[in-house]
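Load the model in your viewer and follow the stops below in order. Each stop names a selection and then says what is there.

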Amino acid sequence: GPLRTHLAAVAISLYNGCTYCAYGHAFALELIYLRDRGRLFPVDARTLASWQDLSPRELAQRLRRLLHDAGLQAETMWVDRTLAIAAGATRPVDGDEARIAHLVGMLGRMNRIAVEAGVEPDQAQNPINKNTGLKKRYAELRAAAT
């Protein structure tokens, strides 16, 4: 679904050092999480996108802690597999992992283009970005949380 897809895209983009894609997918993840769970994701997209310079080990550890804090413990398995496939440490073993491998390749190309072009983060990379009511609620909740 969209939450898992954006989570994989965030992990891949962070692994590849692409702030633009990491931010766009993290913001989409935040909005989907808010829509579906009625509360803020524990870490905002800007903070999450800043994790691009972490070692692969530290990135995996932070993402696992974040998913635990978000109540998404089952997703840790997918983040681990996504990062392993992105690193070339493993190959897909089933259809779900083949889709992850496809995302790794597709996002790898997008990440390289965005990094080379120096594109700055801007919006959520999902149609949910057009939901002005949800974005307004998100902004209010984030402002109240600071």
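**Stop 1: the first helix and its end**

H1 is followed by glycine 17, whose phi is positive, near 75°. Helices here are DSSP runs (H or I, at least four residues), and they are numbered from the N terminus. The model is a predicted one, in which local features need pLDDT of at least 70, side-chain atom pairs count only at pLDDT 80 or more, and totals for chains, interfaces and linings use all residues. Residues are numbered from 1 along each chain as its sequence is written, and side-chain values use heavy atoms, with hydrogens and water left out.

Now select the whole of H1. H1 has 14 residues and spans 20 Å from its first C-alpha to its last, close to the 20 Å expected at 1.5 Å a residue; the expected span is 1.5 Å times one less than the number of residues. How many of the 14 residues of H1 are buried? The count is 10 of the 14, so H1 is largely enclosed by the rest of the structure. Buried means under 20% relative accessible area, with exposed over 50% and partly exposed in between (1.4 Å probe, protein chains only). Colour Leu3, His6, Leu7, Ala8, Ala9, Val10, Ala11, Ile12, Ser13 and Leu14 to see the buried residues of H1. Their cover includes H2, helix H3 (45–49), helix H4 (56–69), H5 and H6.

**Stop 2**

Select isoleucine 32, which is placed in helix H2. Isoleucine 32 has a relative accessible area of 1% and is therefore buried. Leaving aside neighbours within four places in sequence, isoleucine 32 is in contact (heavy atoms within 4.5 Å) with Pro2, Leu3, His6, Asn126 and Ile128. Draw a C-alpha to C-alpha distance from isoleucine 32 to leucine 3: the two are 29 residues apart in sequence and 6.6 Å apart in space.

Next, select glutamate 30, also a residue of helix H2 (residues 19–37). Is glutamate 30 buried or exposed? At 1% relative accessibility, glutamate 30 counts as buried. The side chain of glutamate 30 reaches the backbone nitrogen of alanine 45 at 2.8 Å. Not counting residues up to four places away in sequence, glutamate 30 touches Phe41, Val43, Asp44, Ala45, Tyr138 and Arg142.

**Stop 3: helix H5**

Select H5, residues 76–86. Eight of the 11 residues of H5 are buried, so this helix too is largely enclosed by the rest of the structure. The buried residues in H5 are Thr76, Trp78, Val79, Thr82, Leu83, Ala84, Ile85 and Ala86, and they pack against H1, H4 and H6. After H5 comes glycine 88, with a positive phi near 75°.

**Stop 4: helix H6**

Begin at the start of H6, where a side-chain oxygen of aspartate 94 reaches to within 3.2 Å of the backbone nitrogen of aspartate 96. H6 has 23 residues and reaches 33 Å from its first C-alpha to its last, close to the 33 Å expected at 1.5 Å a residue. Buried in H6 are Glu97, Ile100, Leu103, Val104, Leu107, Gly108, Asn111 and Ala114. These buried residues pack against H1, H2 and H5. H6 is followed by glycine 118, whose phi is positive, near 70°.

**Stop 5**

Select proline 121, in the loop between H6 and H7. Proline 121 is buried, with a relative accessible area of 18%, and touches Thr19, Tyr20, Tyr23 and Arg46, not counting residues up to four places away in sequence.

Then move to asparagine 129, found in the loop between H6 and helix H7 (132–145). Asparagine 129 is buried at a relative accessible area of 9%. Show its side chain with that of lysine 135: a polar contact of 3.2 Å joins them. A polar contact is a pair of N or O atoms within 3.5 Å; within protein, one must be able to donate a hydrogen and the other to accept it, and residues adjacent in sequence count only if both atoms are side-chain atoms.

**Stop 6: the largest pocket**

Finally, select Gly1, Arg4, Thr5, Leu7, Ala8, Trp78, Val79, Thr82, Asp96, Arg99, Ile100 and Leu103, which line the largest pocket. Helix H1 (2–15), helix H5 (76–86) and helix H6 (95–117) are the elements that give two or more residues to this lining. On a 1 Å grid over the protein atoms alone, a pocket is an open set of points where a 1.4 Å probe fits, with protein on both sides within 12 Å along at least five of seven lines; lining residues have an atom within 4 Å of a point.
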